[in-house]
Amino acid sequence: MFSNILIYFVVIPVIMLAGLALCRNIKQIRAVAVTGSLALTALSIYLLVDYLGLRAAGHTEQMLFTGAWDWFKPLHIQLAVGVDGISVAMLILSSIILLTGSFASWKINPLPKEFFLWLILLSTGVFGFFISIDLFTMFMFYEVALIPMYLLIGVWGSGNKNYSAMKLTLMLMGGSAFLMLGLIGIYYHSSANPETLTWNLLEISQNGAISKGWQYFLFPMTFVGFGVLGAMFPFHTWSPDGHASAPTAVSMLHAGVLMKLGGYGCFRVAIYLMPEAANDLAWIFLILTGISVVYGAFSACVQTDLKYINAYSSVSHCGLVLFAILMLNTTAMTGAIMQMLSHGLMTALFFALIGMIYGRTHTRDITKMGGLMKIMPFLAVCYVIAGMASLGLPGLSGFVAEMTIFVGSFEHADMFHRVFTIVACCSIVITAVYILRVVGKLLLGPVQDEHHLKLTDAEWWERTATVTLIISVAAIGCFPNFFADLIRWTFSSDIFSVIGMN
Amino acid sequence: MDITILYYLVPSLIMFCCGVYGFITRRNMIAMLISLELMLNAVDINFVVFNRFLYPENMEGMFFTLFAIAIAAAETALAIAIIINVFRSAKNISVSDLSKMKH
Amino acid sequence: MEATIPVLILAIPLFMFLFLGLLGKFMSHKMAGILGTAGMGVTLLLAYFTAYVYFFSGTPEFVDAAGNRLQFVVFNVDWLQFYENLVIRLGFLLDPISAMMLVVITTISFMVHLYSNGYMRDHHGVYEHGFQRIYAFLALFSFSMLGLVVATNIFQMYIFWELVGASSYLLIGFYYVKPSAVSASKKAFIVTRFADLGFLIGILILSYYTGTFSFTDLTSVNVATDTFAVNLGTADHIKNIFANSAVPVFMGGSVLTWALVLIFMGGMGKSAMLPLHIWLPDAMEGPTPVSALIHAATMVVAGVYLVARLFPLYLMETTALEIITVVGAVTALYAAMVACTQLDIKRVLAFSTISQIAFMMVSLGVARPEFHEGLGYMASMFHLFTHAMFKALLFLCAGAIIHAVGSNDYTSMHGLRKHMPVTHITFLIGCLAIAGIIPFSGFFSKDEILSSCLGHGWVPYVWMSFVAGLTAFYMFRLYFLIFWWKEHKVPQGHHQPHDQAWPMTVPLVILAAITCVAGFIPFGKLVSWDGVSYDFMAHFDWSVASVSLLVAVVAILIAMKMYMKENPLPEKMRNALPALWTWCYHRFYWDELYMFITHKIIFNGICRPIAWFDRHIIDGTMDGFAYVTNKASYAIRGLQSGKIQMYVWVYLIGVLLLGLVTAICLL
């Protein structure tokens with residue numbers, strides 16, 4: 001079991017948890033958090049290299065590094081792991097964000113030990129989710145990732161934190177209920193023979209035993225279940241409140257990685273296992289996600305709280321992810337995954353910066369701040385870069401992701417898809433409006449509050465976090481083909497031939 | 001006159017109903033305790049009677065009754081101790097007025 | 001041709017941007033200025049060399065046996081692949097217009113780099129805050145603009161198109177403490193972004209049907225042996241693709257027309273055509289050298305360049321060209337009228353820029369191969385070249401004047417000719433060139449444009465001649481108001497205005513010299529739409545030339561009469577046509593209209609209701625669920641009273657009912 005590299009994505013966080021339990025002061029806690037997340041980052045990069053090596057050596061299986069160990073035999077529950085290009089990309093994303101999140105919560109107060117314990121537990125869930133290919137284990141890790149959120153927001157949050165924590169948890173639990181229903185349904189239709197029912201994704205997709213009628217029922221269940229976490233309209237309202245109240249690292253991890261669980265799940269479970277229903281029912285969700293894209297962007301235009309702006313922007317960008325997934329063609333889906341990477345990194349950067357600015361000015365209201373460029377140039381420049389990435393400046397990650405999505409979406413020649421593609425394209429203009437509005441009000445112009453003149457610029461750990469994220473964002477933006485190729489591999493399988501996907 | 005089982009059961013039933021009636025209507029804890037004892041004793045009678053009439057060769061009913069009486073005594077002692085303590089702090093032993101710990 | 005030099009042309013500015021941007025604050029101001037200028041100087045030499053090799057070396061890569069110029073892809077690197085053939089590549093395309101643009105961009109950019117050394121200091125030689133930053137941004141802009149013109153495919157162009165937009169945003173907002181600069185930069189970015197939306201959709205349509213982004217495929221007029229091209233073949237072939245598409249006609253226009261018009265919309269945004277022009281006058285909030293580089297000479301002509309680049313495609317659907325002509329003609333007149341009334345000298349120049357770019361657009365719009373071998377195309381590019389030179393010259397002069405006087409408003413200038421002789425002469429040369437006086441460069445290029453308009457019909461010719469007259473008028477109005485009108489009064493405690501230090505004066509002189517001689521460049525030999533070189537003097541129409549010369553001279557004389565000496569004539573003119581003057585002065589209220597649309601309609605009419613809807617309806621629904629659940633639990637809470645006697649009652653009743661039911665069932 002321990003010969004499989006993927007297991008270590010769960011083992012390392014568990015060791016970190018044990019290590020944290022033994023820690024006595026903040027220095028040890030930081031040491032454990034940074035060492036552990038560095039180890040995870042190194043592991044994910046090693047995995048990437050290994051993965052590419054195997055692909056280059058001609059391994060053409062759908063998933064590599066597969067392994068399965070029985071967990072509960074009577075119900076065929078296994079701990080089954082395996083990765084393809086998408087999972088690898090997501091693992092890298094998660095480890096980078098965990099690393100930078102650890103740096104961003106360098107000065108977390110109070111109860112640093114407990115904070116990191118919950119944070120690492122959360123990331124255990126995240127990593128476990130991305131390596132699993134067994135639906136039940138996947139769901140379990142999914143829940144492990146969701147529950148700590150309640151405490152992290154409820155205890156370390158700010159503002160209306162009890163309400164937000166409760167709302168977030170309840171809405172996501174509601175989504176989980178749909179999801180559970182869907183997953184159990186899939187399980188009972190996973191094979192024509194009742195003796196060989198399975199939770200394993202690969203086997204289910206090979207069996208292809210889910211009848212079309214059941215797909216019509218199970219597809220919406222799973223898609224909505226994951227869609228809630230992907231902030232799909234109209235199930236997105238946990239996101240603004242939740243993000244606004246969450247502490248910095250949690251916002252980063254939540255917007256950066258957890259929301260990606262939604263998109264990833266929609267693809268991996270809903271569409272991958274039930275392509276026919278996806279093909280027939282995509283239009284319903286296309287409308288919803290299309291609304292998400294524009295709606296989130298318009299809402300962001302009039303918010304005054306930095307975190308709300310960013311949360312609505314996330315609704316818009318994550319809407320684009322689901323939108324592109326539903327286009328059901330290789331290019332759009334590649335774009336969707338790139339958008340997940342891109343949005344994960346840049347929104348984590350945003351939330352990190354907002355946390356740093358909030359930590360200094362003690363307000364997130366853009367009408368009460370101004371001219372921060374003069375006071376804290378480093379943070380301000382980073383904010384501008386994050387904004388530019390968000391509005392799709394070439395050379396940063398947002399552009400390549402969005403363009404791939406648009407080109408892919410435009411492949412559908414009928415009026416319905418065309419109209420929605422163009423509507424989604426409009427979001428690039430609206431994004432520019434709200435990003436520049438924030439940049440103009442917050443960073444440029446004269447200094448609003450004289451007390452802010454005394455504030456200092458970023459400390460080294462803050463610089464580390466932001467620079468790491470900026471480099472990642474620029475790496476995707478400058479060398480998109482590397483990531484696109486990594487991801488595109490996944491779609492080369494003949495799974496989608498059912499729906500005539502090219 | 002032959003003494004049938006009914007001669008025992010009817011008084012026991014009356015006793016039990018009195019107990020229930022008292023338990024429901026009384027608000028005083030002592031009175032409720034007494035009603036409880038009535039019900040308990042009615043049940044005890046039934047145990048003995050059924051044992052005597054249905055399975056005269058066995059003694060389980062008798063033993064059960066003895067246990068029940070012992071436990072009832074202990075329970076009454078405990079209850080009265082609680083009631084006395086409640087009275088000390090609340091100067092009152094009416095159940096409808098003792099709602100301090102409810103909220 | 002080796003790829004080394006082209007790579008360096010792009011790499012040096014990019015490196016300078018990163019270098020000055022990251023390390024600029026660790027070096028002295030002077031050092032940053034010298035390094036930035038030197039970097040641009042090297043780029044300039046390399047670009048000149050490349051252009052020289054392209055035009056004059058005569059190697060078979062660049063010119064075929066018949067003497068026709070070819071398009072040559074120097075290198076082309078895969079950047080992002082969508083489909084097998086649909087790949088965004090980053091490359092370097094050499095053809096007549098890109099070689100010409102290399103020269104224009106590097107020349108102006110170098111002049112501006114040099115000039116900024118002087119401009120970005122105060123009178124005591126103290127450097128402005130953020131001096132290094134402006135060099136970093138200028139380098140970024142130069143990189144983006146060079147990348148744009150050498151783009152081998154339309155998506156590369158879009159990429160750099162966005163990058164020039166961003167660097168323009170950064171440079172307009174250079175004085176970021178000033179709220180007006182911040183809002184101007186925001187406006188510029190958002191308006192052009194909106195236009196780029198059209199561009200993007202146009203690209204999507206075009207690439208969907210043709211299956212390629214590559215210019216050499218789309219406009220395969222004259223391609224050198226090129227390993228990168230898929231070559232779709234002839235124009236007819238592309239036309240067929242569109243004609244056979246699923247929806248050949250959409251809302252009265254063919255799909256190709258729609259694609260081309262949408263792409264042109266992107267050009268309208270960058271080139272400030274009506275109605276997307278509103279950002280350009282405000283963009284003058286940036287430092288003047290920046291205005292000279294970006295908002296006069298290079299970035300704003302990107303729209304013209306885009307249309308020129310896709311010209312063979314546009315020729316397939318002349319509807320799009322007609323639209324371009326109309327938009328250009330209306331814009332030219334509009335901007336010229338507005339320019340006649342503005343007070344701020346940079347605004348006058350900005351509107352003049354809009355008007356001149358519109359000239360180029362019209363020229364492209366009226367160009368047809370049937371007439372004078374596509375003279376309009378050449379004229380447009382020629383005018384682009386000459387305009388870049390003299391408009392940059394005028395802006396840099398304006399910068400020198402503003403630097404000397406400390407204000408943008410001509411009312412604080414007047415009579416500067418004695419104080420600033422060099423600036424005076426060079427400014428006059430610029431004015432003569434833009435007015436179209438022989439032998440300055442503007443005369444030749446404008447004359448070609450008018451000739452090609454005449455080829456299209458009388459209406460565009462008369463219209464554009466009138467605008468040319470207006471141009472001469474407002475430029476000389478500006479000239480006389482700055483340098484004549486009355487004696488210059490120096491406010492108490494101020495220095496006498498004087499010519500600036502050599503870094504600012506040298507670029508003026510060089511550009512003035514170029515303006516004097518550029519008209520004699522045999523442009524037709526170098527640039528034509530299909531690469532066939534011809535002698536444009538053969539198409540030179542002396543009757544058109546003399547008419548336009550006459551118009552210009554008359555306009556200048558009127559301006560002289562009105563503005564040379566202080567007199568009440570301008571006041572009378574204004575009072576004679578108060579409505580027209582007010583509308584022109586307020587730029588026909590376009591800004592107010594946009595403010596209304598953005599604030600009243602989009603912000604208050606869309607964004608706020610949506611935000612309200614989100615908070616109250618959607619959130620309300622979710623909260624409603626929670627509320628109902630809560631209320632329901634409170635409602636049934638009473639049952640759990642904690643009263644044992646109540647429970648006993650319920651229990652007893654239950655038992656009785658059960659007994660009853662059992663009894664009934666048994667009986």
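Analyst: What follows looks at two helix pairs, one after the other. Keep in mind that this is a predicted model.

Start in chain B. Helix α1 covers residues 6–25 of chain B, and helix α2 covers residues 29–54 of chain B. They pack at an angle of about 160°, and their axes are 8 Å apart. Angles over 145 degrees count as roughly antiparallel. So α1(B) and α2(B) are roughly antiparallel to each other. The crossing of α1(B) past α2(B) is left-handed.

Now look at who meets whom. On the α1(B) side, the contact residues include Tyr8(B), Leu9(B), Met15(B), Phe16(B) and Phe23(B). On the α2(B) side, they include Met32(B), Leu36(B), Leu38(B), Ile45(B) and Val49(B). Sorted by class, this contact has 16 nonpolar residues, six polar residues and no charged residues.

Next, go to chain A. Helix α9 spans residues 238–245 of chain A, and helix α12 spans residues 306–325 of chain A. Their packing angle is about 140°, with the axes 8 Å apart. That angle makes α9(A) oblique to α12(A). Here α9(A) passes α12(A) in a right-handed crossing.

From α9(A), the contact uses Ser239(A), Pro240(A), His243(A) and Ala244(A). From α12(A) come Lys307(A), Tyr308(A), Asn310(A), Ala311(A), Tyr312(A), Ser314(A) and Val315(A). By class, the contact of α9(A) with α12(A) holds six nonpolar, four polar and one charged residues.

The α1(B) and α2(B) crossing is left-handed, while the α9(A) and α12(A) crossing is right-handed.

Conventions. Residues are numbered from 1 along each chain as its sequence is written. Chains are lettered from A and ligands numbered from 1 in the order in which they are written. This is a predicted model: local features need pLDDT of at least 70, side-chain atom pairs count only at pLDDT 80 or more; totals for chains, interfaces and linings use all residues. Axes are lines fitted to C-alpha atoms, for helices over the stretch in contact, and angles run from 0 to 180 degrees between N-to-C directions. Helices (H or I, at least four residues) and strands (E, at least two) are DSSP runs, numbered from the N terminus. Angles under 35 degrees count as roughly parallel, over 145 as roughly antiparallel, 65 to 115 as roughly perpendicular and the rest as oblique. A crossing is left-handed if the near helix is turned anticlockwise from the far one by less than a right angle, and right-handed if clockwise. Two residues are in contact if their C-beta atoms, placed from the backbone, lie within 7 Å. Ala, Val, Leu, Ile, Met, Phe, Trp, Tyr, Cys and Pro count as nonpolar, Asp, Glu, Lys and Arg as charged, and the others, Gly among them, as polar.
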